[in-house]
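Please open the structure in your viewer and keep the sequence panel beside it. The tour below moves from the whole chain to single residues, and at each stop it says what to select and what is there.

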Amino acid sequence: SFTYRLGTTVSIQNQKSQLGAINVSAFTATFKASPWNQNTKASVSDFSQTLNRITSEAFLNYRKTYRKFSIDALGGVSVITRSTNNSFLAGNNLVVPSVFNVSNRTGEPVVSQGVFKIRTNSLLGQATFGYNNLFFVTVSGRNDWDSRLPANNNSFFYPGANASLIVSDMFPGLKGNTLSLLKLTGSYAKSGNVNLGNASNLGAY
């Protein structure tokens, strides 16, 4: 069977910060150790950010039973694209203290903008082999290519394996009022992740 999934999430954030004018008295101005011992003009800042994530996945699944043997295999590809666009604008020394707009400033505004985009391409697979519905072995593997890493070293692979034996079905005499299922399981797995950046820059550079 074939399965395809496409999904997206969008997050929009807007923040506005306002600081009113501070006019201190002559008495307060005499406290030299205080950070509020002088007049301060009003200021304003605006921050906006848009985050977008697009996930595209395709899978092929194969199931087959032959006598006492069974196989359940899955293979797929995944493409995850994340982008962010953020801007910051601030103005100090507002001319009219009660009008919190950057155009109401004196001097140069504080301006910054960031546009970042990253992509993670993945190949993955998993296969479960069973015998007589008693013994199962699962092997899996995934390889990622992350655009945040150097082009000549941006690939990493992480495998996994699992084995289980249903002892209570192998020896039905073990079942009773106090025991309905006895299963032995062992597993090994290795995980991979890229921990770079934050929500504003996604680790891109």
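## The whole chain

Colour the chain by secondary structure and read along the sequence, where the elements follow the pattern β-β-β-β-β-β-α-β. In total the chain has 1 helix and 7 strands. What you are looking at is a predicted model, and the mean pLDDT of the chain is 89, with 92% of its residues reaching 70 or more. If you now colour by confidence, strand 5 has the highest mean, at 96, while helix 1 (residues 167-170) has the lowest, at 88.

Along its principal axes the C-alpha trace spans about 95 × 45 × 30 Å. The radius of gyration of the chain is 30 Å, whereas a compact globule of 205 residues would have one near 17 Å.

Of the 205 residues, 23% count as buried. If you select the charged residues, you will find 18 positive and 7 negative charges, and the mean positions of the two groups are 3 Å apart.

How much of the contact pattern comes from residues 24 or more positions apart? Among the contacts in the chain with a separation of 6 or more, such pairs account for 62%.

## Two loops with a positive phi

Select Arg67, which lies in the loop between strand 2 (43-66) and strand 3 (69-91). Arg67 is not a glycine, and yet its phi is positive, at about 55 degrees. Is Arg67 buried or exposed? Its relative accessibility is 73%, so Arg67 counts as exposed, the cut-off for that word being over 50%.

Follow strand 3 onwards to the loop between strand 3 and strand 4 (110-131), and select Asn93 there. Asn93 is another residue other than glycine with a positive phi, in this case near 55 degrees. With a relative accessibility of 36%, Asn93 counts as partly exposed.

Move on to strand 4 and select Phe129, a partly exposed residue with a relative accessible area of 40%. Which residues does Phe129 contact, once its neighbours within four places in sequence are left aside? They are Ser70, Ile71, Phe135, Phe136, Val137 and Val139.

## A buried loop residue

Now select Asn154, in the loop between strand 5 (135-146) and strand 6 (155-166). Although it sits in a loop, Asn154 counts as buried because its relative accessibility is 19%, and the limit for a buried residue is under 20%. Apart from neighbours within four places in sequence, Asn154 is in contact with Asp144, Trp145, Asp146 and Leu149. Gly114, by comparison, is 40 residues from Asn154 in sequence and 23 Å from it in space, C-alpha to C-alpha.

## Strand 6 and the end of the tour

Continue into strand 6 and select Pro159, which is partly exposed, with a relative accessible area of 26%. When residues up to four places away in sequence are not counted, Pro159 touches Ser140, Gly141, Tyr188, Ala189 and Lys190. To get a sense of distance across the model, select Thr30 too: Pro159 and Thr30 are 129 residues apart in sequence, and their C-alpha atoms are 69 Å apart.

The last stop is Leu181, found in the loop between helix 1 and strand 7 (183-189). Leu181 is exposed, with a relative accessible area of 52%. Leaving aside its neighbours within four places in sequence, Leu181 is in contact with Ile166 and Ser168. Finally, display the C-alpha atoms of Leu181 and Asp169, which are 7.8 Å apart, although these residues are 12 positions apart in sequence.

Conventions:
Residues are numbered from 1 along each chain as its sequence is written. This is a predicted model: local features need pLDDT of at least 70, side-chain atom pairs count only at pLDDT 80 or more; totals for chains, interfaces and linings use all residues. Side-chain values use heavy atoms; hydrogens and water are left out. Helices (H or I, at least four residues) and strands (E, at least two) are DSSP runs, numbered from the N terminus. Buried means under 20% relative accessible area, exposed over 50%, partly exposed in between (1.4 Å probe, protein chains only). Contact means heavy atoms within 4.5 Å. The radius of gyration is taken over C-alpha atoms; the globule rule is 2.2 Å times the number of residues to the power 0.38. Lys and Arg count as positive and Asp and Glu as negative; His and the chain ends are not counted. The place of a charge is taken as NZ of Lys, CZ of Arg, CG of Asp or CD of Glu. pLDDT is the predictor's confidence in each residue, from 0 to 100.
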